[in-house]
Amino acid sequence: MSYTITPMTSHQTGAEIRGLDLTRPVDAELKTRLNRDFAKYHVLVFRDQKLSAAQFAAAGELFGPLHSQHHKDIRALGHPEVSEIRNTEVAPGKYMIAGESFHTDHSNHPCPPRATSLHTVTLPSRGGDTQFVNVHLAYDELPDEMKHRIEGLKAVHAFESRYTPRKMRELSPESRKALPPPAIHPLVRTHPDNGRKFLYMNPVRMDSILGMEDGAAMALLRELMAHATQQKYEYRHKWLMGDMVIWDNRSVMHQANGDYDMKEVRHLYRIMIQDDPALWTAEGEKTLAVMAA
Ligand code: OGA
Ligand code: MN
């Protein structure tokens, strides 16, 4: 099997892949090529797929073993690592939209997922785009003074930051039990596959920066977020039925849009891909437990 790839922006953020049927076996050479393109474009859009939860899980495994999910109560039937996201009414007229401000997934884990993937089940007639911003480019274009200021800084990522711009979905008792303690991650990291530096930020989970007073830490985070979420760093994905989209949680931040008619259903399967724990260990302290020791 072979495929065509078309960049979706002029800045190598997002590429569309056509000509592949992910229900079919993928050989080692093709898998290597896909992973190379993934490291280059950070978001891959596979068009015209029709995958069951099991086939979607298998397609995700082309990029690595699957990562467990925070929310154990929204699993797809029979597939523990495939969850389902949809707009849900949590109170009369009030809807919960997962991911509705820029973030990177599960950054409170000691080894957060290298990637997340979504596959369409049902789409609203319009709206519900997903936005991605390239945090390699955002880092590259920081003034030298700012690069210098943030070099070596480390942030504490909790399940829900005291300063989060939006509430997280409630954890079920089973999900709460599986929650790891807060993690510590550098603000500037180097991508293991493409060698580029990037900003690693997540306002919903970043609770503090080590050695900084909270007010100053949050002001710095706001300044960096305003810079990193500029449209010039963005690929905005308009969903089509049959899309399987996979993004690199290190190279991009992403956000959902709850701008469609909530009487319509937006329903997607979701998986995450593990990162290599050795990479994170090498980058320094991982958990509060380490810090306290
Ligand atoms: C996610 C997420 C965005 C969307 O699944 O992690 O943030 O547009 N989704 O649904
Ligand atoms: Mn997300």
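In what order do the strands of the open sheet of 3 strands with antiparallel pairing that includes E11 stand? The order is E12-E11-E15. This is a predicted model, in which local features need pLDDT of at least 70, side-chain atom pairs count only at pLDDT 80 or more, and totals for chains, interfaces and linings use all residues. Residues are numbered from 1 along each chain as its sequence is written, chains are lettered from A and ligands numbered from 1 in the order in which they are written, and side-chain values use heavy atoms, with hydrogens and water left out.

## Two open sheets

Some terms come first. Strands (E, at least two residues) and helices (H or I, at least four) are DSSP runs, numbered from the N terminus. Two strands pair if DSSP finds at least two bridges between them. Strands of a sheet pair through backbone hydrogen bonds, either parallel or antiparallel.

Take the sheet E12-E11-E15. Strand E12 (183–186) and strand E15 (206–209) stand at its edges. Each has a single partner strand, so one side of each is left without a neighbour in the sheet. Neighbouring strands here are turned by 30 degrees against each other on average, direction ignored. For such angles, axes are lines fitted to C-alpha atoms, for helices over the stretch in contact, and angles run from 0 to 180 degrees between N-to-C directions.

Another open sheet of 3 strands has the order E16-E10-E18, again with antiparallel pairing. Strand E16 (234–237) and E18 are at the edges. Each has a single partner strand, so one side of each lacks a neighbour in the sheet.

| Strand pair | Bridges | Direction |
|---|---|---|
| E11 (residues 154–157) and E12 | 4 bridges | antiparallel |
| E10 (residues 130–134) and E16 | 4 bridges | antiparallel |
| E10 and E18 | 5 bridges | antiparallel |

His 157 has Ala 183 in E12 as its bridge partner. Gln 131 has Gln 255 in E18 as its bridge partner.

Is E18 mostly covered or mostly open? E18 is mostly covered, with 5 of its 5 residues buried. Buried means under 20% relative accessible area, exposed means over 50%, and partly exposed lies in between (1.4 Å probe, protein chains only). In a regular strand the side chains alternate between the two faces of the sheet. In E18, Val 252, His 254 and Ala 256 are on one side. Met 253 and Gln 255 are on the other, and both faces are covered.

Which residues coordinate the manganese ion (ligand 2)? They are His 103 (NE2), Asp 105 (OD) and His 254 (NE2), at 2.1 to 2.2 Å. Asp 105 lies in the loop between E8 and strand E9 (115–122), and His 254 lies in strand E18 (residues 252–256), so the pair ties together parts that are 149 residues apart in sequence. The donor residues are spaced H-x1-D-x148-H in sequence. Both Asp 105 and His 254 are buried. Donors are N, O and S atoms within 2.8 Å of the metal (3.2 Å for Na, K and Ca); water is not among the atoms, so sites may look incomplete.

## The second largest pocket

The second largest pocket holds about 380 Å³ of space. Of the 16 residues that line this pocket, the closest to its centre are Met 96, Lys 167, Met 168, Arg 169 and Glu 170. Strand E7 (88–91) and strand E8 (94–96) each supply at least two lining residues. E8 gives the largest share, 3 residues. By class, the lining has 7 nonpolar, 1 polar and 8 charged residues.

On a 1 Å grid over the protein atoms alone, a pocket is an open set of points where a 1.4 Å probe fits, with protein on both sides within 12 Å along at least five of seven lines; a cavity is a set from which the probe cannot get out, and lining residues have an atom within 4 Å of a point. Grid points are joined across faces, edges and corners, and a volume is the space filled by probe spheres set on the points. Ala, Val, Leu, Ile, Met, Phe, Trp, Tyr, Cys and Pro count as nonpolar, Asp, Glu, Lys and Arg as charged, and the others, Gly among them, as polar.

Gly 99 sits in the loop between E8 and E9. Gly 99 counts as buried because its relative accessibility is 10%. Gly 99 and Met 168 are 69 residues apart in sequence and 8.9 Å apart in space, C-alpha to C-alpha.

## Two loop residues

Most residues other than glycine have a negative phi, and most peptide bonds are trans. Gln 12 has a positive phi of about 55 degrees although it is not a glycine. Gln 12 lies in the loop between strand E1 (4–7) and strand E2 (15–18). With a relative accessible area of 36%, Gln 12 is partly exposed.

Asp 48 has a positive phi of about 60 degrees, and Asp 48 is not a glycine. Its loop runs between strand E3 (43–46) and helix H2 (53–60). Asp 48 is exposed, with a relative accessible area of 59%.
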